[in-house]
Amino acid sequence: MNKIERYEAFFAADSANKKLAANLIDLYMRAGQLDKAKSQLESAVEHWPEESEFIFQQGMLCLYLNQYLAAIDNFSQLYSASIPQDVVRYNVAWAQMGLGQADEALGTLEEMSGLTSRAQLLKGRALHSLGRFSEAEALVLPLLNEDELSVEVESMLITIALDSENTELAQERAEKLIERCPDNLEANVTLGVVELETGKLSKADSYFEVALSTKPDSGRAHLGCGLAAMLRQDLNKAIYHLKKAVSEMPSHLGTYNALSWCYIFQQDLKQAKTIALEVKNLNPKFAESQGTLAIISVLQGDKQEAKRFTKLANRLNPASFSGQFAASLLAHDAGDEETSKKIVRNLLDTNMKKDGGSLSDALKRFNLPN
């Protein structure tokens, strides 16, 4: 008889025992038996509706189920309760991060009386999500010495380096970690990106596939697979993975833009424009989406709209690939071959800048544009 079975027997003999009920629910959750935990918890709340421990467990069950709004609702009922407040706030911050609310999570963590190592790591994740890379790195580096957290910290440092565009450091950290942890998600994604940048698409695929076997819902791994497929012109596969990436990273503008380009290559301009407009609505200052809309407008024969989007894209970022390409198309369409060739030559000679440089470079960017 295992531990859960023993506790089930104890509780069957003493169903009025709150402590036994709480322990059994906790065991179910830790064992991943969430249906049993939910059923037992519903019964416990019915018998003891005001018991803070069961409200806390409801919040924890919601976290296990990725029901972050419901988790926050439960934990928020426990402010000023007997349960340690720093624990409550940590879990609220975790749920806020699950909702993509890094600002709110950071504020919640700063209300804590002191940061545990876990809370410090979560704060680092919030800072990273907000693009405050150097602060995040400085905060989590001391945690490398803690055995329980060292792999998580190394993984986070790899991603910080990658998102900071320090590819060499990201690669160095990833190669070091993958020796110890061959299935590590962040190491495999990073090495996949490195191979993608050097045009070694098959090797890139192998890393992304390991990442997806580790975490099937990894947005970054799906994005990597999508870009590799796109660059080899396997557009159906690219669209499949990019749609998956969009669903997992709904605020990641570059993923939408790559998906829009896939539809452009398939000559499905209506769908390409729908996706590009989604990006524009998410962030009107993202030059690549404005440039992509300009290109679509050129291909649709709407020169006035194309000129408007092109002007806006190049005003937002003179290094924008799509903005400059749209300008080239307009110049060519106007019969100004020399202007068109000059723009294309400049594109080919431009190193990767913040939001552009080349289509391949622009699409391979993982971090959010400012």
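The following dialogue explains how to read several features of this predicted model.

Me: Which conventions apply to the numbering and to the values?

Reply: Residues are numbered from 1 along each chain as its sequence is written, and side-chain values use heavy atoms, with hydrogens and water left out. As the model is predicted, local features need pLDDT of at least 70 and side-chain atom pairs count only at pLDDT 80 or more, while totals for chains, interfaces and linings use all residues.

Me: How many helices and strands does the chain have?

Reply: Helices (H or I, at least four residues) and strands (E, at least two) are DSSP runs, numbered from the N terminus. Here the chain has 22 helices and zero strands.

Me: What percentage of the residues count as buried?

Reply: Buried means under 20% relative accessible area, exposed over 50%, and partly exposed in between, with a 1.4 Å probe and protein chains only. Of the 370 residues of the chain, 49% are buried by this criterion.

Me: What can be said about contacts in the chain between residues at least 6 apart in sequence?

Reply: Contact means heavy atoms within 4.5 Å. Among contacts between residues at least 6 apart in sequence, 49% join residues at least 24 apart.

Me: How is a pair of packed helices to be read, and at what angle do H6 and H8 pack?

Reply: Two packed helices are described by the angle between their axes and the distance between the axes. The axes are lines fitted to C-alpha atoms, for helices over the stretch in contact, and angles run from 0 to 180 degrees between N-to-C directions. Helix H6 (residues 85–98) and helix H8 (residues 117–129) pack at about 30°, their axes being 11 Å apart. That makes H6 roughly parallel to H8; angles under 35 degrees count as roughly parallel, over 145 as roughly antiparallel, 65 to 115 as roughly perpendicular and the rest as oblique. The crossing of H6 and H8 is left-handed, a term used if the near helix is turned anticlockwise from the far one by less than a right angle, with right-handed used if clockwise.

Me: Which residues of H6 and H8 make the contact?

Reply: H6 contributes Tyr90, Ala93, Trp94 and Met97, and H8 contributes Arg118, Ala119, Leu122, Arg125, Ala126 and Ser129. By class, the contact of H6 with H8 has seven nonpolar, one polar and two charged residues. In this scheme Ala, Val, Leu, Ile, Met, Phe, Trp, Tyr, Cys and Pro count as nonpolar, Asp, Glu, Lys and Arg as charged, and the others, Gly among them, as polar.

Me: At what angle do H16 and H18 pack?

Reply: H16 and helix H18 (residues 287–300) pack at an angle of about 15°, with axes 10 Å apart. The two helices, H16 and H18, are therefore roughly parallel to each other. Their crossing is left-handed. The contact is made by Asn257, Ser260, Trp261 and Ile264 of H16 together with Glu288, Ser289, Thr292, Ile295, Ile296 and Leu299 of H18. The residues of this contact of H16 with H18 comprise five nonpolar, four polar and one charged.

Me: Which residues does Tyr68 touch?

Reply: Tyr68 is found in helix H5 (residues 68–76) and is buried, with a relative accessible area of 17%. Not counting residues up to four places away in sequence, Tyr68 touches Leu63, Ala95, Gly98 and Leu99. Tyr68 and Trp94 are 26 residues apart in sequence and 8.5 Å apart in space, C-alpha to C-alpha.

Me: Is Asn74 buried or exposed?

Reply: Asn74, in helix H5, counts as buried at 9% relative accessibility. Asn74 touches Ile55, Gln58, Gly59 and Cys62, not counting residues up to four places away in sequence.

Me: How many disulfides are counted?

Reply: A disulfide is a covalent bond between the sulfur atoms of two cysteines. The criterion is a pair of cysteine sulfur atoms within 2.5 Å, and by this rule the count is zero disulfides. Cys62 counts as buried at 10% relative accessibility, and Cys262 counts as buried at 0%.
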